[in-house]
Amino acid sequence: MAASEYPIEFRRKIRSMIKKAPNGCWLWIGPRHPKGYGRVSYKGKGYYAHRQLKEMCDGKIPDGQEVHHKCRNPSCVNPAHLECVTHAENMRAAALAGAWSGKKNSNAKHTGEEVARVRLLHSLGVTSPSIEEIMGIPYRTVREYITNPSSWPSIGN
Ligand SMILES: [Zn+2]
(Lines give C-alpha, C1' and ligand atoms only; values in the text may rest on other atoms or scores of the structure.)
Protein backbone atom coordinates (compact mmCIF):
# COMPACT_ATOMS: atom_id res chain seq x y z
CA MET A 1 0.00 0.00 0.00
CA ALA A 2 1.26 3.48 -0.78
CA ALA A 3 1.13 5.93 2.10
CA SER A 4 -1.69 7.87 0.51
CA GLU A 5 -3.74 4.69 0.25
CA TYR A 6 -3.93 3.76 3.93
CA PRO A 7 -7.61 3.96 4.80
CA ILE A 8 -8.58 6.41 7.53
CA GLU A 9 -10.07 3.64 9.73
CA PHE A 10 -6.79 1.75 9.60
CA ARG A 11 -4.83 4.88 10.55
CA ARG A 12 -7.21 5.58 13.43
CA LYS A 13 -6.89 2.02 14.66
CA ILE A 14 -3.10 2.21 14.60
CA ARG A 15 -3.06 5.61 16.25
CA SER A 16 -5.29 4.35 19.08
CA MET A 17 -2.84 1.55 19.87
CA ILE A 18 0.33 3.64 20.22
CA LYS A 19 1.55 4.95 23.55
CA LYS A 20 4.58 7.22 23.31
CA ALA A 21 7.18 6.48 25.97
CA PRO A 22 9.54 9.12 27.44
CA ASN A 23 12.54 7.34 25.87
CA GLY A 24 11.16 7.93 22.37
CA CYS A 25 9.74 4.46 21.81
CA TRP A 26 6.20 4.18 20.52
CA LEU A 27 4.84 1.25 22.51
CA TRP A 28 2.17 -0.91 20.95
CA ILE A 29 -0.65 -1.39 23.44
CA GLY A 30 -2.76 -3.54 21.11
CA PRO A 31 -2.47 -7.31 20.52
CA ARG A 32 1.04 -8.73 20.47
CA HIS A 33 2.91 -11.64 19.00
CA PRO A 34 4.41 -13.98 21.65
CA LYS A 35 7.81 -12.44 20.84
CA GLY A 36 6.49 -8.97 21.61
CA TYR A 37 5.80 -7.64 18.14
CA GLY A 38 2.64 -5.58 17.82
CA ARG A 39 -0.08 -6.99 15.62
CA VAL A 40 -2.97 -5.26 13.92
CA SER A 41 -5.79 -6.72 11.91
CA TYR A 42 -7.68 -5.00 9.16
CA LYS A 43 -10.47 -6.44 7.04
CA GLY A 44 -9.69 -9.98 8.16
CA LYS A 45 -5.96 -9.78 7.48
CA GLY A 46 -3.29 -9.65 10.16
CA TYR A 47 -0.23 -7.41 9.96
CA TYR A 48 2.84 -6.69 12.05
CA ALA A 49 2.36 -3.20 13.44
CA HIS A 50 6.03 -2.17 13.18
CA ARG A 51 6.18 -3.20 9.52
CA GLN A 52 3.05 -1.15 8.79
CA LEU A 53 4.47 1.94 10.49
CA LYS A 54 7.77 1.52 8.67
CA GLU A 55 6.01 1.21 5.31
CA MET A 56 3.83 4.22 6.03
CA CYS A 57 6.94 6.32 6.57
CA ASP A 58 9.57 4.91 4.28
CA GLY A 59 7.58 3.13 1.62
CA LYS A 60 7.32 -0.53 0.82
CA ILE A 61 9.77 -2.83 2.58
CA PRO A 62 11.82 -4.47 -0.16
CA ASP A 63 11.18 -8.18 -0.76
CA GLY A 64 13.18 -10.43 1.51
CA GLN A 65 14.07 -7.66 3.94
CA GLU A 66 13.24 -7.62 7.61
CA VAL A 67 12.55 -4.69 9.87
CA HIS A 68 15.12 -4.42 12.64
CA HIS A 69 14.49 -2.65 15.96
CA LYS A 70 17.48 -0.40 16.61
CA CYS A 71 16.11 0.22 20.13
CA ARG A 72 15.86 -3.55 20.77
CA ASN A 73 12.27 -3.19 21.91
CA PRO A 74 10.10 -5.52 19.81
CA SER A 75 6.86 -3.79 20.77
CA CYS A 76 8.15 -0.39 19.62
CA VAL A 77 6.65 0.91 16.35
CA ASN A 78 8.48 4.26 16.09
CA PRO A 79 9.66 4.41 12.44
CA ALA A 80 12.78 6.29 13.57
CA HIS A 81 13.77 3.24 15.65
CA LEU A 82 13.23 0.78 12.79
CA GLU A 83 15.47 -0.10 9.90
CA CYS A 84 15.19 -2.52 7.02
CA VAL A 85 17.99 -5.06 7.03
CA THR A 86 19.15 -7.45 4.37
CA HIS A 87 22.03 -9.84 3.85
CA ALA A 88 23.27 -7.73 0.97
CA GLU A 89 25.10 -5.28 3.20
CA ASN A 90 26.95 -3.54 0.41
CA MET A 91 23.80 -2.68 -1.46
CA ARG A 92 22.18 -1.49 1.71
CA ALA A 93 25.08 0.78 2.58
CA ALA A 94 24.96 2.30 -0.89
CA ALA A 95 21.21 2.82 -0.68
CA LEU A 96 21.48 4.43 2.74
CA ALA A 97 24.27 6.71 1.57
CA GLY A 98 22.13 7.80 -1.37
CA ALA A 99 19.08 8.38 0.79
CA TRP A 100 21.11 10.35 3.29
CA SER A 101 22.67 12.67 0.73
CA GLY A 102 19.16 13.40 -0.56
CA LYS A 103 17.92 14.06 2.95
CA LYS A 104 20.66 16.54 3.73
CA ASN A 105 19.66 18.74 0.81
CA SER A 106 16.98 20.96 2.29
CA ASN A 107 16.12 22.31 -1.13
CA ALA A 108 15.41 18.83 -2.48
CA LYS A 109 12.06 18.50 -4.13
CA HIS A 110 9.97 15.89 -2.46
CA THR A 111 7.87 13.42 -4.33
CA GLY A 112 4.13 13.24 -3.97
CA GLU A 113 4.63 10.02 -2.07
CA GLU A 114 6.89 11.72 0.49
CA VAL A 115 4.44 14.57 0.92
CA ALA A 116 1.65 12.02 1.37
CA ARG A 117 3.74 10.39 4.13
CA VAL A 118 4.16 13.73 5.90
CA ARG A 119 0.41 14.18 5.86
CA LEU A 120 -0.15 10.58 6.94
CA LEU A 121 2.17 10.96 9.94
CA HIS A 122 0.46 14.24 10.79
CA SER A 123 -2.92 12.49 10.66
CA LEU A 124 -1.52 9.85 13.06
CA GLY A 125 -0.82 12.58 15.59
CA VAL A 126 2.93 12.77 15.01
CA THR A 127 4.28 16.24 15.81
CA SER A 128 6.09 18.27 13.16
CA PRO A 129 9.51 18.04 14.93
CA SER A 130 9.12 14.25 15.00
CA ILE A 131 8.21 14.20 11.30
CA GLU A 132 11.32 16.29 10.66
CA GLU A 133 13.41 13.66 12.48
CA ILE A 134 11.73 10.62 10.92
CA MET A 135 11.64 11.84 7.33
CA GLY A 136 14.71 14.07 7.32
CA ILE A 137 12.64 16.93 5.92
CA PRO A 138 13.25 20.42 7.39
CA TYR A 139 10.65 21.56 9.93
CA ARG A 140 9.63 24.57 7.84
CA THR A 141 8.96 22.35 4.84
CA VAL A 142 7.00 19.87 6.96
CA ARG A 143 4.76 22.69 8.20
CA GLU A 144 4.32 23.94 4.66
CA TYR A 145 3.18 20.54 3.41
CA ILE A 146 0.72 20.21 6.28
CA THR A 147 -0.74 23.71 6.22
CA ASN A 148 -0.51 24.83 2.61
CA PRO A 149 -2.37 22.54 0.19
CA SER A 150 -1.10 24.45 -2.84
CA SER A 151 2.48 23.43 -1.97
CA TRP A 152 1.73 19.76 -2.43
CA PRO A 153 3.21 18.31 -5.57
CA SER A 154 0.85 16.21 -7.62
CA ILE A 155 0.56 12.70 -6.24
CA GLY A 156 2.17 10.04 -8.37
CA ASN A 157 5.40 11.86 -9.21
ZN1 LIG B 1 11.93 2.18 20.10
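A residue is buried if 20 or more other C-beta atoms lie within 10 Å of its own, exposed if 12 or fewer, and partly exposed in between, with C-beta atoms placed from the backbone. By that rule, 25% of the 157 residues of the protein count as buried. The model is predicted: local features need pLDDT of at least 70, side-chain atom pairs count only at pLDDT 80 or more, and totals for chains, interfaces and linings use all residues. Residue numbers start from 1 along each chain as its sequence is written.

**Exercise 1. State the secondary structure content and the order of the elements.**

Step 1. Helices (H or I, at least four residues) and strands (E, at least two) are DSSP runs, numbered from the N terminus.
Step 2. The protein has six helices and six strands.
Step 3. Along the sequence the order is α-β-β-β-β-α-β-β-α-α-α-α.

**Exercise 2. Identify the residues with the most contacts inside the largest nonpolar core, and the elements that supply the core.**

Step 1. A nonpolar core is a set of buried Ala, Val, Leu, Ile, Met, Phe, Trp, Tyr and Cys residues joined through C-beta atoms within 7 Å.
Step 2. The largest such core has 24 residues, and Ala49, Cys57, Val77, Val118, Leu121, Ile131 and Met135 have the most contacts inside it.
Step 3. Two or more residues each come from β2 (26-28), α2 (49-58), α4, α5 (128-135) and α6.
Step 4. Take Cys57 as a case. Two residues are in contact if their C-beta atoms, placed from the backbone, lie within 7 Å. Leaving aside neighbours within four places in sequence, Cys57 is in contact with Pro79, Arg117, Leu121, Ile134 and Met135.
Step 5. Turn to α2. Eight of its 10 residues are buried, so α2 is largely enclosed by the rest of the structure. The buried ones are Ala49, His50, Gln52, Leu53, Lys54, Glu55, Met56 and Cys57.

**Exercise 3. Describe α4 and its packing against α6.**

Step 1. Helix α4 has 12 residues and reaches 16 Å from its first C-alpha to its last, close to the expected 16 Å; the expected span is 1.5 Å times one less than the number of residues.
Step 2. Glu114, Val115, Ala116, Arg117, Val118 and Leu121 of α4 are buried. These buried residues pack against α2, α5 and α6.
Step 3. Helix α4 (residues 112-123) meets α6 (residues 139-147) at an angle of about 80 degrees, with the axes 9 Å apart. Axes are lines fitted to C-alpha atoms, for helices over the stretch in contact, and angles run from 0 to 180 degrees between N-to-C directions.
Step 4. The two helices are therefore roughly perpendicular, a class that covers 65 to 115 degrees.
Step 5. Val115, Val118, Arg119 and His122 of α4 make the contact with Val142, Tyr145 and Ile146 of α6.

Technical notes:
Parallel < 35°, antiparallel > 145°, perpendicular 65-115°, else oblique.
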